[in-house]
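Student: Hey, could you walk me through this one? I'd like to start with the overall picture and then get into the packing.

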Amino acid sequence: EWVGLKHFITFFSSYQFKRVFLNTLRISFYNIVVSFPLPIIFALFLNIVRNQRMKKIVQTITYMPHFISTVVIVGILYQAFNNVTGLYGTGYRLLGGSGYPPDLFSKSGTFIHMFVWSGVWQHLGFRSIIYLSALSSVDPELHESAQIDGASRLARLYHIDLATILPTVSIMLILRFGQLMSVGFEKIYLMQNSINQTQSEVISTYIYKVGLATAANFSYGAAIGMFNSIINCAMLIVVNAVARKIRSEESSLW
């Protein structure tokens with residue numbers, strides 16, 4: 001363990017650590033900023049729909065991608081965005097483009113956008129379930145009273161629906177920050193290649209490579225994993241304290 005700790009101290013002070021650490025934070029924050037509010041917005045607007053048949057169809061369509069394997073999702077990305085035979089390349093030529101469009105997988109800068117937005121498509125509907133469940137507890141009399149007072153639908157959505165689910169939103173945000181450093185390993189590893197590795201190498205993939213795949217240095221990998229867990233725990237405590245101070249006890253975990 002002491003050897004692994006020494007290796008970790010060396011890694012901690014190296015350029016590689018800064019790159020891996022910053023990549024993890026960058027992907028994680030981008031993911032939270034994009035993928036956290038969208039299910040809330042989706043649930044709020046889906047809750048307005050009064051046609052139950054249409055509502056169920058939309059829910060079914062948006063829920064289904066969540067149950068697709070990560071391996072299959074990455075395979076779909078490679079097929080859809082292939083610049084020769086995929087929808088991306090075919091659509092480019094149909095719109096009048098000559099030759100082939102740029103290969104997105106050969107550009108390191110496109111990795112983070114493909115990773116985050118494909119995750120939004122995959123999990124948008126499923127993550128909205130908890131907010132739809134919270135919206136079901138809204139008292140209809142509140143809407144009736146607001147309508148009598150002349151409130152628009154948008155105003156009621158903001159002041160009644162959103163206000164009702166804010167404690168749920170707060171708790172879910174705290175839990176997301178508690179996983180800040182735990183960016184999904186499987187999908188990143190499958191999407192990773194020699195071109196985008198400078199942008200896609202995160203702590204979870206680095207732990208796998210040094211702890212199991214190449215170096216098989218278990219103590220070194222364990223030390224980095226412990227550091228990862230400490231950061232997650234610290235973020236959970238800090239964000240929970242902020243939520244408790246800003247909102248109330250019902251908006252925090254403890």
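Predicted model: local features only at pLDDT ≥ 70, side-chain atom pairs only at ≥ 80, totals over all residues.

Student: Okay, how many helices and strands does the protein have?

Tutor: The count is 14 helices and 0 strands. Along the sequence the pattern is α-α-α-α-α-α-α-α-α-α-α-α-α-α.

Student: And what does the C-alpha trace span along its principal axes?

Tutor: About 70 × 55 × 25 Å.

Student: How much of the protein counts as buried?

Tutor: The protein has 254 residues, and 40% of them count as buried. As for contacts with a separation of 6 or more, 70% come from residues 24 or more positions apart.

Student: Let's do helix pairs. At what angle do α13 and α14 pack?

Tutor: Helix α13, residues 203-213, packs on helix α14, residues 218-246, at about 160 degrees, and their axes are 7 Å apart. Since an angle over 145 degrees counts as roughly antiparallel, α13 and α14 are therefore roughly antiparallel to each other. Their crossing is left-handed.

Student: Which residues meet there, in α13 and α14?

Tutor: From α13 you have Ile203, Tyr206, Ile207, Val210, Gly211 and Leu212. They meet Phe218, Tyr220, Gly221, Ile224, Gly225, Phe227 and Asn228 in α14. By class, that contact of α13 with α14 has 9 nonpolar residues, 4 polar ones and no charged ones.

Student: Now α3. How does α3 sit against α4, and at what angle?

Tutor: The angle between α3 and helix α4 (residues 52-63) is about 155 degrees, with the axes 10 Å apart. That makes α3 roughly antiparallel to α4. The crossing of α3 past α4 is left-handed.

Student: Which residues of α3 and α4 meet?

Tutor: Phe42, Leu46 and Asn47 in α3 meet Lys55, Val58, Gln59 and Thr62 in α4. Sorted by class, the α3 and α4 contact has 3 nonpolar, 3 polar and 1 charged residues.

Student: Gln59 is in that list. Is Gln59 buried or exposed?

Tutor: Gln59, which lies in helix α4, is buried, because its relative accessible area is 17% and the cut-off for buried is under 20%. Leaving out residues up to four places away in sequence, Gln59 touches Leu46 and Leu132.

Student: What about α3 and α10, at what angle do they pack?

Tutor: Helix α3, residues 37-48, and helix α10, residues 153-177, are at about 130 degrees, with axes 11 Å apart. α3 and α10 are therefore oblique to each other. The crossing of α3 and α10 is right-handed.

Student: Which residues do α3 and α10 bring together?

Tutor: On the α3 side they are Ile40, Leu44, Phe45, Asn47 and Ile48. On the α10 side they are Arg153, Leu157, Asp161, Leu162, Ile165 and Val169.

Student: Switching to single residues. Where is Val116, in which helix?

Tutor: Val116 is in helix α7, residues 111-127. With 1% relative accessibility, Val116 counts as buried.

Student: What does Val116 touch?

Tutor: Setting aside residues up to four places away in sequence, Val116 touches Ile27, Tyr30, Asn31 and Val34. Val116 and Asn31 are 85 residues apart along the chain, yet their C-alpha atoms are separated by 5.6 Å.

Student: Nice. And how far apart are the C-alpha atoms of Arg19 and Ile40?

Tutor: They are separated by 32 Å, with the two residues 21 apart along the chain. Arg19 is in helix α2, residues 15-35. Apart from neighbours within four places in sequence, Arg19 is in contact with Gln197, Thr198 and Glu201.

Student: Last one, Asn196. Where does Asn196 lie?

Tutor: Asn196 is in the loop between α11 (185-191) and α12 (197-200). At 3% relative accessibility, Asn196 counts as buried.

Student: So what does Asn196 touch?

Tutor: Not counting residues up to four places away in sequence, Asn196 touches Ser108, Phe111 and Met191. A polar atom of the Asn196 side chain lies 3.1 Å from the backbone oxygen of Met191.

Definitions and conventions: Residues numbered from 1 in each chain as written. Heavy atoms only, no water. Axes fitted to C-alpha atoms, helices over the stretch in contact; angles between N-to-C directions. Helix = DSSP H or I, 4+ residues; strand = E, 2+ residues; numbered from the N terminus. Parallel < 35°, antiparallel > 145°, perpendicular 65-115°, else oblique. Left-handed = near helix turned anticlockwise from the far one by under 90°. Contact = heavy atoms within 4.5 Å. Nonpolar A, V, L, I, M, F, W, Y, C, P; charged D, E, K, R; others polar. Buried < 20%, exposed > 50% of the residue type's maximum accessible area, 1.4 Å probe, protein only. Polar contact = N/O pair within 3.5 Å; in protein donor to acceptor, adjacent residues only side chain to side chain.
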